[in-house]
Amino acid sequence: MTDTIARPGKIIAIHLSYASRADQRGRRPAAPSYFFKPSSSVGVSGGTVERPAGTELLAFEGEIALVIGTPARRVAMADAWAHVSHVTASNDLGLYDLRANDKGSNVRSKGGDGYTPLGPHLIDASTVDPTALRVRAWVNGELRQDDTTAGLIFPLAQLVADLSQHFTLEPGDVILTGTPAGSSVIVPGDVVEIEVDAPDASGSPTSGRLVTTVTQGDVPFDETIGSLPSVDDLQRTEAWGSAEAAGLVAGPSLSPALRAKLLDAPTAGLSAQLRKRGHHSCFIDGVSANIPGSKIVGTAKTLRFVPFREDLFASHGGGYNAQKRAFDAVAEGEVIVIEARGDATTGTLGDILALRARTRGAAGVVTDGGVRDFDQVAEIGLPVFSQGAHPSVLGRRHVPWEVDVTIACGGATVQPGDIVVGDGDGVIVIPPALAEEIADAAIAQEHEDAWIATQVEAGHPVDGLFPLNADWRARYEAETATQNETPTQNETTAQNETGTSA
């Protein structure tokens with residue numbers, strides 16, 4: 001039977017308390033710091049929690065909750081635990097989309113209705129050792145968190161004593177004591193279970209499993225009232241628990257040297273090398289450059305539109321939607337790649353967003369849809385590969401849905417971190433692990449093709465020359481070897497001046 005937990009007068013939560021979580025975040029506090037949660041955020045086992053419309057980073061946090069039994073004011077650590085009547089489980093839910101503007105207060109990001117479920121059972125605090133409690137969390141039956149109070153930076157008694165220095169802790173007040181490593185993002189349909197127990201105590205008392213199901217909200221935040229949800233890679237990393245879990249580490253990085261090679265190599269040559277290695281679906285079809293002669297090289301930041309539907313546009317189309325978030329978060333050297341299902345009958349970006357992308361150092365934009373304010377976008381100087389100009393606004397055909405996910409653009413699958421190269425021949429997508437090999441091979445082929453061109457220009461027929469047969473290849477390799485052995489003019493000058501070879 002579920003215990004009755006009275007609505008607390010105060011809920012006080014600590015920012016960071018477990019060593020495993022501090023190590024994950026890369027910072028360890030010297031002293032505890034706190035925030036308040038409203039009593040209206042309390043929920044019960046078996047309840048639901050809503051992820052608001054237009055947000056993506058709702059995260060769970062399995063925690064041990066302390067229930068104050070007798071008033072505590074300026075109590076010593078040695079006496080502090082005596083003021084705790086019960087221990088139970090809590091899920092300190094948080095919405096990272098609202099975290100940046102809260103600046104540590106967590107008023108909105110942690111204060112939502114149902115964001116502090118407690119229970120289902122109370123453990124008598126006098127029967128357990130506060131240094132030997134355990135907290136575990138499961139998502140859809142998979143264990144995600146498992147730690148004990150032995151891993152705390154600040155003992156539970158210290159939290160009670162510390163808070164009592166500043167205000168009276170009253171009966172029924174709840175202290176949330178922090179979460180260990182393993183907290184991560186949850187999505188609609190996920191079921192989270194939290195359990196607190198004392199496995200070494202007599203009878204192994206337990207809170208039972210606190211069960212919460214995530215649902216999807218359909219009411220967006222009103223942009224005319226307050227600040228809107230906003231996410232960036234820092235919030236994604238902290239919400240998911242790591243850059244890897246957030247999908248922000250996607251293979252080898254695009255180094256300056258590799259970028260230079262890809263700028264030198266034409267897409268035609270790169271695509272030929274991909275085909276030789278069995279990659280035949282690397283083309284983003286149907287797009288061309290808004291600035292003739294422009295070339296883009298960068299890693300993909302993806303944005304997905306879904307077909308227009310009135311209710312979905314009402315929940316996801318306005319305010320700080322996925323389209324705006326993508327352009328606000330694009331990093332230097334990235335290419336925003338947009339899935340617009342090949343629909344050229346509406347714009348997928350305009351001059352304001354193009355200006356934002358250029359200001360942030362984006363390498364360009366690729367969309368299999370249209371571009372609004374086409375001439376102005378070209379004047380901004382941001383290379384954009386698209387199906388061409390269209391004057392209509394986004395809502396005619398699309399709902400901006402999500403960012404940083406695997407998408408389909410112009411018939412090609414594109415994942416965040418894929419390498420995108422575009423020039424007058426079109427746009428291709430290169431798996432990061434193959435990029436160096438592909439670039440080197442394409443440049444080598446370009447040198448070979450340039451040599452072949454000189455032979456054709458000299459009057460030789462292409463039969464046997466293009467591609468090189470055995471005889472022509474032997475001649476090519478002999479001539480290029482000789483050229484590589486011939487000192488450059490600068491090297492010859494240096495030898496004459498010093499009397500030594502380089």
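Buried here means under 20% relative accessible area, exposed means over 50%, and partly exposed is anything in between, worked out with a 1.4 Å probe and protein chains only. The model is a predicted one, in which local features need pLDDT of at least 70 and side-chain atom pairs count only at pLDDT 80 or more, while totals for chains, interfaces and linings use all residues. Residues are numbered from 1 along each chain as its sequence is written, and side-chain values use heavy atoms, with hydrogens and water left out.

Helices (H or I, at least four residues) and strands (E, at least two) are DSSP runs, numbered from the N terminus. Lys 261 is partly exposed, at a relative accessible area of 23%.

Two packed helices are described by the angle between their axes and the distance between the axes. The axes are lines fitted to C-alpha atoms, for helices over the stretch in contact, and the angles run from 0 to 180 degrees between N-to-C directions. For H6 (residues 256–264) and H12, the axes come within 9 Å and cross at roughly 40°. H6 and H12 are therefore oblique to each other; angles under 35 degrees count as roughly parallel, over 145 as roughly antiparallel, 65 to 115 as roughly perpendicular, and the rest as oblique. The H6 and H12 crossing is left-handed, a label used if the near helix is turned anticlockwise from the far one by less than a right angle, with right-handed used if clockwise. H12 also meets helix H7 (residues 267–276), with axes that come within 8 Å and cross at roughly 120°. H7 and H12 are therefore oblique to each other, and the crossing of H7 and H12 is right-handed.

Salt bridges turn up elsewhere too, and the count comes to 29. One of them joins Glu 170 and Lys 10, at 3.4 Å from N to O. That pair links distant parts of the chain, 160 residues apart: Glu 170 is in the loop between helix H4 (156–164) and strand E13 (174–176), and Lys 10 is in the segment before strand E1 (11–14). Glu 170 is partly exposed at 42% relative accessibility, whereas Lys 10 is buried at 17%. Another salt bridge runs between Arg 99 and Glu 238, with the closest N and O atoms 2.8 Å apart. Arg 99 lies in helix H3 (residues 99–102) and Glu 238 in helix H5 (residues 233–240), so the pair ties together parts 139 residues apart in sequence. Arg 99 is partly exposed, at a relative accessible area of 21%, and Glu 238 is buried, at 11%.

Now for the backbone. The peptide bond from Gly 119 to Pro 120 is cis, with omega near 0°, and Pro 120 falls in the loop between strand E9 (116–118) and strand E10 (123–124). Asn 140 has a positive phi, near 55°, despite being a residue other than glycine. Asn 140 belongs to the loop between strand E11 (134–139) and strand E12 (142–148), and counts as partly exposed at 47% relative accessibility. Asp 404 is not a glycine either, yet its phi is positive at about 55°. This Asp 404 is in the loop between strand E22 (398–403) and strand E23 (407–409), and counts as buried at 18% relative accessibility.

Over in the strands, Ala 89 is part of E7 (residues 84–91) and is buried, at 0% relative accessibility.

Notes. Salt bridge = Lys/Arg side-chain N within 4 Å of Asp/Glu carboxyl O.
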